[in-house]
Every structure is written in structure tokens, then in C-alpha cells.
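Subject: Structure for your files

Hello,

Please find the structure below, followed by notes on what turned up in it.

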Amino acid sequence: MPHSNPPRTYRVKSFGCQMNVYDGERMAEMLAEQGITAAPEGEEADLVVLNTCHIREKAAEKVYSDIGRLVKAGRKVGKDPMIAVAGCVAQAEGEEIMKRAPAVSMVVGPQAYHRLPAMIARAANGERATDTDMPEDAKFAALPARRKVGPSAFLTVQEGCDKFCTYCVVPYTRGAEISRPYSDLLREAEALVEAGAREITLLGQNVNAWRGENARGHAVGLGELIKELDKLPKLQRIRYTTSHPNDMDEGLIAAHGEVQKLMPYLHLPVQSGSDRVLKAMNRSHTVDSYLKLLERFRAVRPDIALSGDFIVGFPGETEAEFAETLQVVDAVRYASAFSFMYSPRPGTPAASMDGQIAREVMEERLQRLQASLGRDQHAFNQASTGKTCDVLIERKGRRPGQWLGKSPWLQSVFFEGAEADAMQIGDMVHARLGEAGPASLKGQVLSSQA
Ligand code: SAH
Ligand code: SF4
Ligand code: F3S
């Protein structure tokens, strides 16, 4: 659709993983640098960026219905929004989107979004453009410096995936594994801290595959990067996600015993408790090697909270194999976890495998798995009752006067009443954990440090 005016306001809507959230923030910063301002809440924006996720089914359909909704909402107020589709659906189905959705002006992949300003200028002249290149020239170098951020900030250190799990689209949508340079990361971390971050979560599709070279020219891994970030005086917490079992090294495990600021939390997806299924998934780890790895973390950090991802109903998964997944859950006792029904993704090897599982079977397995995971999460929270710890206040709660923060173990902790009245976003409060619910705990302030 032709646009004769450059946009004055923008809105970025991010779906999917935390890396997409990070990309969405960087796009917003870039648009702001162009003089485009964030559209006020409840107002239609001149430019809308749909930063999409392709990981499970209906992703593309959702994008088309979002586009339809935007056009309709625009029409109501006499506006014709400029629409950009970014993210993993853009990468996977860019041409198709351009054909099917004439309202879309731009399609831009996750490795090319630094070129968005030029595309907007062209769109303002009525041109439509697709850019799903994976350019060698680093996107990050072309992005503006970090601006104001919340107390808990994301920092992408690694992108892409070379693992090719047979069910997964990420290696196709995000490209090969790359690590951002050490010095760039230190610089961005410093900027984030100066902009108000007290916690930084290092991100990567395989974050522990990050490799770099330190100032002295030595090859270093994520553990060493974390130790360097530990030296930033105003930074209080460090986290990282998502790790792959095969990329874990001694340096990172050891960091959990040595670095106070590194939070006692590990998200390490296993996907299935059956070695046969893991092999068919091309996970290249076994249940046993995974469990042994967790033991090494527990040895250096006994209170570590464990988290994982699970897929039920992978092609050919038998009831007995699913039962093995439940056994792993019983053995590990996760503090939290994400679980999904297998979703055949176009172009992935698993989509054409024999033995696709009926939806009812998947639903029933997912329910049983989630019952176990929910039980363990609640138990983990209950075992925390009575503990004292720091809580980083991140946002207001649902009820008036309520504040929500995160414990070191990534539990949601809420405060209310008089002690909450004086709270602000970014406070680090020392608290006693009280009554535990399935997904949160009540906190009681012992002391506060702004
Ligand atoms: N790189 C990370 C996470 C990738 S996506 C890792 O390997 O752990 C996040 C989660 O989505 C995966 O861990 C997996 O559990 C789930 N997932 C990925 N592809 C899927 C598919 N086709 N169907 C269902 N779940 C899927
Ligand atoms: Fe997907 Fe596997 Fe890569 Fe994770 S490791 S992003 S699940 S291919
Ligand atoms: Fe989704 Fe792409 Fe992230 S497919 S999960 S947005 S890497």
C-alpha cells in the first residue's frame, strides 16, 4: 500500500522468545533515533512492526489476522498504518507474506533489521521491500547506543543455532551460530547499567555456545564473560538463557560456585526423557548425560533452581517413552518449566516422519506432564517459605498497591500493604518469603536499599 508520509509514531509488537523481545527493543531504539516516537497507549500508530515467532503452529495465520486487525483499526480512525513484518515468520515466509498481504510494506528478517530506517524511507515513497539477508556486516554495530531500560535488561550475546534438532525452525530462521565480540558486550553491558539496569540476562539461542577473546587475547567462554561482568559495581544480578546440554563447559559450571551475582537458576531444556526419542530429535545428549550435568551444577550450587523445556508427542513417541519423560521430571523436581505439544514445522525433518501422534493423545500427555511440573513448582515455592533473600522490584502487581519482584530463583514475589507503598521499580529489597502459591510467593520486607 503506498504511503506518502513518513511515519511519526511507531509501535513494536514482539512475540516469541526473549531474543525477540531484545530485538524489539533495539528496533524501537532505532526508530526513536529516526525521530519517530512511541505511539501513546490506546492510539493507532503510523508504523507498526510485528516482530513474529515461528516456533509453533499457527504463527503465520496469526500474523495475517494481526495485519487484518491493524488495517481495520486504522480505517476506523482514518489511518492507513505502515506495516512491517519482522522476526522469524518474516525470515521463513517473507515472499509469501508480501504476496498475500498487500497492506504490508516491509518484511525484514532477524539479521537485517538494522536496515529498517532505509526501508521505511522507501515505504514512504510507496515502495514495498523484503530484506531477509543474513549479512556478514554485524547488525549490532549499526544499531544506536542503549537508552533507558528497566531494572532487568536483556543482552543478546549469541545468535543462531547449528544444532538442527529435527523438529525446530530456529536454525533456518536465525541462521548459523555467531558470538558477539567480548569488548562489544562489555560496552553494551556498561551502557545498560548506566541506563538503569540492575540485572542483566545474557541471551542466546544457545547462549552457552558463546565464545570470545578477552582483552589479553585469550579464548574465553560464557563463565569468563560472567566473571568480567561481575566487576561492574552497579550491576547486582546476572542470568543467562537458553543453554544447550552439549555446550556446557567447566568454566560456566564453576562460575555458579564463584560469582555471587550469578543467580542460582539454570534453564536447561531436555525435551524428552527417552533416549530413543532424543536420538530421533537429534538432540545428541542422553537422559543420563543430562542428569549428570545437572548434578555438577548442584554440586557447586546446591540451592540452584532448575528449569527446562519439554515436547510431548514427538513423532513415534510411545506411551512408555512418554512415561520416561515423567520419570525425569520426578527425578529432577524442576522449579519451573515450559512444555509443549509437538508442532510439525514446514521444512523440518520431523514434519515428514512416520508416526505423527493424534492431537487428543498429545493433549492428554501434556496435561499429565503439566500436572507433574505444576506440583513440583508449587513444592519448590513452598520449600522457599521462610527463606530470606533479595527481591528485585520489577513492576506493579495486578491489585492496586501491589508490587511484584523476582527472587534469586526467578520466583515472582509480591508485596502489598504499607510496606509496598514506598516501593519503586528497581528497588532491591531484602525480604522474607511467606505464603507460597503455585506461581508466586508473598514477601515481607526486612530492609530496603534503593
Ligand atoms: N535453543 C533453545 C530453545 C529453542 S525454542 C533450546 O534448544 O533449548 C524453545 C522451545 O520450544 C524448545 O526448547 C522446545 O521445547 C520448543 N519447540 C521448538 N520447536 C518445537 C516444535 N516444533 N514443536 C513444539 N515445541 C517446539
Ligand atoms: Fe532449536 Fe534445537 Fe537449536 Fe534449540 S538447539 S534452537 S531446539 S535446533
Ligand atoms: Fe520464535 Fe524465532 Fe525466538 S521462532 S522462539 S522468535 S528464535
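Leu222 sits in helix 7 (residues 222-229); helices here are DSSP runs of H or I with at least four residues, strands are E runs of at least two, and both are numbered from the N terminus. The model is a predicted one: local features need pLDDT of at least 70, side-chain atom pairs count only at pLDDT 80 or more, and totals for chains, interfaces and linings use all residues. Residues are numbered from 1 along each chain as its sequence is written, chains are lettered from A and ligands numbered from 1 in the order written, and side-chain values use heavy atoms, with hydrogens and water left out.

Leu222 counts as buried because its relative accessibility is 1% (buried is under 20% relative accessible area, exposed over 50%, partly exposed in between, with a 1.4 Å probe and protein chains only). Not counting residues up to four places away in sequence, Leu222 touches Val157, Leu202, Val207, Asn208, Trp210, Tyr240 and Leu252 (contact means heavy atoms within 4.5 Å). With the same exclusion, the contacts of Leu225 are Val157, Tyr182, Leu185, Leu186, Leu202 and Trp210.

The largest nonpolar core has 94 residues, and those touching the most other members are Leu116, Leu202, Leu222, Leu225, Tyr240 and Tyr334. Such a core is a set of buried Ala, Val, Leu, Ile, Met, Phe, Trp, Tyr and Cys residues joined through side-chain atoms within 4.5 Å. At least three of its residues come from each of domain 1 (9-138) and domain 2 (148-384); the domain bounds come from an automatic or database assignment. A second, separate core of 21 residues includes Ala39, Tyr64, Ile67 and Ala101. Between Leu222 and Ala39 the C-alpha to C-alpha distance is 38 Å, with 183 residues separating them in sequence.

In helix 4 (residues 116-124), the buried residues are Leu116, Pro117, Met119, Ile120, Ala123 and Ala124. Viewed down the helix 4 axis they fall within an arc of 160°, so they line one face (the arc is taken over directions from the axis to the C-beta atoms). Their cover includes helix 1 (18-33) and strand 4 (82-86).

Ligand 3 is surrounded by Cys17, Asn20, Cys53, His54, Ile55, Cys88, Arg174 and Gln205, each with a heavy atom within 4 Å of the ligand.

Regards
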